[in-house]
Amino acid sequence: MSTSIYTRSVWTRVVLYFVLAIFLVFFLFPIIWLIISSVKTHYQTLVIPPKLIFKPTAAAYRKIITGGMLRSFKNSIMISFIDIVLALLLSIPAAYSLARFKSKFNENIGFWFLTVRMAPAFGVIVPMYIVIRYLKLLDTTFAVNIAHLLINLPFGIWLLKGYFEELPIEIEESALIDGANRLQTLIRIVLPTSLPMIISVAILTFMFSWNEFLFAFVLTSNKGVTVPVLVASLAGTMTFDWPLMCAVSIGAMIPAFIFVFVVQRYIVRGLTLGALK
Amino acid sequence: MKEQTKLLLPSLAVVAPIVAFPTVFLFYMSLHQWILFIQEIKFIWLENFYNIITSQEFLQSFGITAIFVGASTFFTLLFGLALALILNEDLKGKGVFRTLFTLPAIIPPVVAGFAWKFLLNSEVGFIGGYILPHLGYEGSILGNPQLALLAVIMADVWSRMPLMFLILLAGLQSIPPDLYEAAEIDGANYWKALRYITLPSMRSAIIIALIIRFIDAFNLLETIFVMTSGGPGIATQTFPLLGWKIGFQYYNLGEAAALAIIMLIMTILVSQALIRRMRT
């Protein structure tokens with residue numbers, strides 16, 4: 001839908017497409033370059049001027065498997081999915097309660113949620129680190145899960161609360177009159193109508209967990225390492241195995257590729273609704 | 001009432017401590033001399049705050065943070081607004097553009113940092129090792145203090161402009177079309193309509209985008225961490241990188257907590273000022 005009522009001349013359109021093309025190159029070139037470099041040999045990545053025609057090789061991707069780097073991918077997948085389940089299980093009832101039962105207490109809770117969103121990440125991880133270390137849970141995926149939940153829960157509650165508040169209350173009231181309790185009303189009536197928002201929250205939770213670097217970096221060192229930590233540690237070494245680094249980066253982007261083409265509207269809804277509330 | 005508490009209590013009993021704990025504990029830590037590997041934890045009032053504010057590095061980081069946040073916010077917002085205005089036009093293929101433009105917003109920031117580090121590398125990078133030498137610049141970009149700061153700003157603009165674009169586009173699409181019909185009758189051209197209808201109607205969307213962007217840029221760590229780790233020297237050491245260094249390289253967790261609280265206060269002050277502008 002366009003709000004513009006102005007008809008455009010051919011030349012204006014040409015200029016607009018030209019500007020779009022510049023942005024497109026700016027946005028896509030780094031990603032395309034990573035893809036191209038990931039199927040080169042180590043020697044080919046060093047050649048200047050860079051060759052565009054060459055025989056692609058999957059050596060770098062094989063190295064991910066033989067080099068034991070699949071474990072990071074396994075960790076990241078586990079952390080992200082457990083986080084989705086926990087975040088939804090905890091945030092849906094909390095958000096529903098906050099949306100339906102207004103009180104002064106609720107307003108203050110909202111403030112706490114916001115401070116966690118605004119606090120610098122290292123300000124959250126410093127106290128977290130002390131506790132995780134005290135509990136002897138360092139270098140476990142469990143520790144990373146808890147830390148991610150800390151950010152995902154407030155965000156999920158915030159989004160869902162806003163959505164629940166907009167739902168018409170009459171249907172729920174008639175269900176309550178018919179003898180259903182609050183929990184049954186939530187499960188049978190509120191959840192089905194809120195499915196799009198719940199999917200958005202699930203996807204955003206996944207994206208956050210999958211992309212998050214600092215918490216995972218501080219809390220893990222070896223066994224619990226996630227994909228972003230792997231990318232950063234490879235990028236920080238002096239061995240410069242460029243094709244391998246590119247291949248790991250591509251692996252780290254797979255969920256983004258899938259989401260942007262398959263479920264883009266849910267991401268956009270989550271990102272912008274969260275912003276415009 | 002009983003029904004309410006039954007649903008509210010279990011979820012809040014789990015959620016509230018998880019959410020409240022880090023903030024409360026952070027304040028507690030900031031008032032103590034708390035150094036990792038040293039057993040004794042001493043209550044020292046505001047000494048951590050005093051030490052950090054009077055340090056040379058804090059002032060330098062403040063300047064770098066101001067430049068980074070200012071420039072990055074300005075460009076993401078400006079370009080994001082331009083893109084939103086263009087893709088709000090009746091153009092063929094705008095859905096495809098929109099999809100492709102969303103991509104950088106959801107790829108891991110460490111990958112964004114690595115991609116630009118690779119491109120700008122002065123030996124093997126497509127830009128730093130191939131294009132720039134052709135244009136007459138041979139040096140290393142990430143090794144030059146000014147250019148390194150410019151490079152991390154550019155990488156951040158790359159990865160965060162799409163989000164601004166999406167928020168502003170949503171704001172743009174919520175403007176009622178009849179406003180423009182009235183403008184057309186009055187004979188206003190596109191730029192007049194932009195100045196007197198579009199931008200004023202988008203006021204709150206723009207301010208919300210500004211707040212989100214400010215908080216995000218102010219707290220950004222990973223892109224810079226991967227590209228330069230705050231260097232060369234301390235040329236790209238914004239507050240989060242300084243906090244990281246104090247906390248996890250000097251292991252002075254109390255002072256890192258103090259810096260986090262100073263940052264939190266700055267964030268609240270700036271957001272409050274912006275929110276107030278939204279209401280007037």
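Reader: What makes up the lining of the second largest cavity, by class?

Author: Happy to start there, with the note that this is a predicted model. The lining has 6 nonpolar, 3 polar and 1 charged residues. It is formed by A:Trp33, A:Ser37, A:Lys40, A:Gln44, A:Thr45, A:Val47, A:Ile48, A:Pro50, B:Phe118 and B:Val124. The elements giving two or more residues to this lining are α1 (10-38) and α2 (42-46) of chain A. Lys counts as charged, so A:Lys40 is the charged residue in that tally.

Reader: Why is this space called a cavity?

Author: The name applies because a 1.4 Å probe fits there but cannot get out. The volume of the second largest cavity is about 60 Å³, and the structure holds 3 cavities of 30 Å³ or more.

Reader: How do you know that A:Lys63 forms a salt bridge with A:Asp241?

Author: The closest N and O atoms of A:Lys63 and A:Asp241 are 2.6 Å apart. The limit is 4 Å between a side-chain nitrogen of Lys or Arg and a carboxyl oxygen of Asp or Glu, so the pair qualifies. Over all chains, the search finds 6 salt bridges.

Reader: How many salt bridges are there across the interface of chain A and chain B?

Author: The rule finds 0 there. Polar contacts do occur, with 6 residue pairs counted between chain A and chain B. On the side of chain A that touches chain B, α1(A) gives the largest share, 16 residues. By class, that side has 72 nonpolar, 13 polar and 5 charged residues.

Reader: What is the area buried between the two chains, and how many residues take part in the contact?

Author: About 8900 Å² is buried between chain A and chain B, and carbon and sulfur atoms give 82% of that area. Chain A brings 90 residues to the contact and chain B brings 99.

Reader: What makes the B:Asn51 and B:Thr54 pair a polar contact?

Author: The backbone oxygen of B:Asn51 lies 3.3 Å from a polar atom of the B:Thr54 side chain. The cut-off is 3.5 Å, so the distance falls within it. B:Thr54 itself is in the loop between α2 (47-53) and α3 (56-87) of chain B.

Terms used. Residues are numbered from 1 along each chain as its sequence is written. Chains are lettered from A and ligands numbered from 1 in the order in which they are written. This is a predicted model: local features need pLDDT of at least 70, side-chain atom pairs count only at pLDDT 80 or more; totals for chains, interfaces and linings use all residues. Side-chain values use heavy atoms; hydrogens and water are left out. On a 1 Å grid over the protein atoms alone, a cavity is a set of points where a 1.4 Å probe fits but cannot get out, and a pocket is an open set with protein on both sides within 12 Å along at least five of seven lines; lining residues have an atom within 4 Å of a point. Grid points are joined across faces, edges and corners, and a volume is the space filled by probe spheres set on the points. Helices (H or I, at least four residues) and strands (E, at least two) are DSSP runs, numbered from the N terminus. Contact means heavy atoms within 4.5 Å. Buried area is the accessible area (1.4 Å probe) that two parts lose on being put together, summed over both. A polar contact is a pair of N or O atoms within 3.5 Å; within protein, one must be able to donate a hydrogen and the other to accept it, and residues adjacent in sequence count only if both atoms are side-chain atoms.
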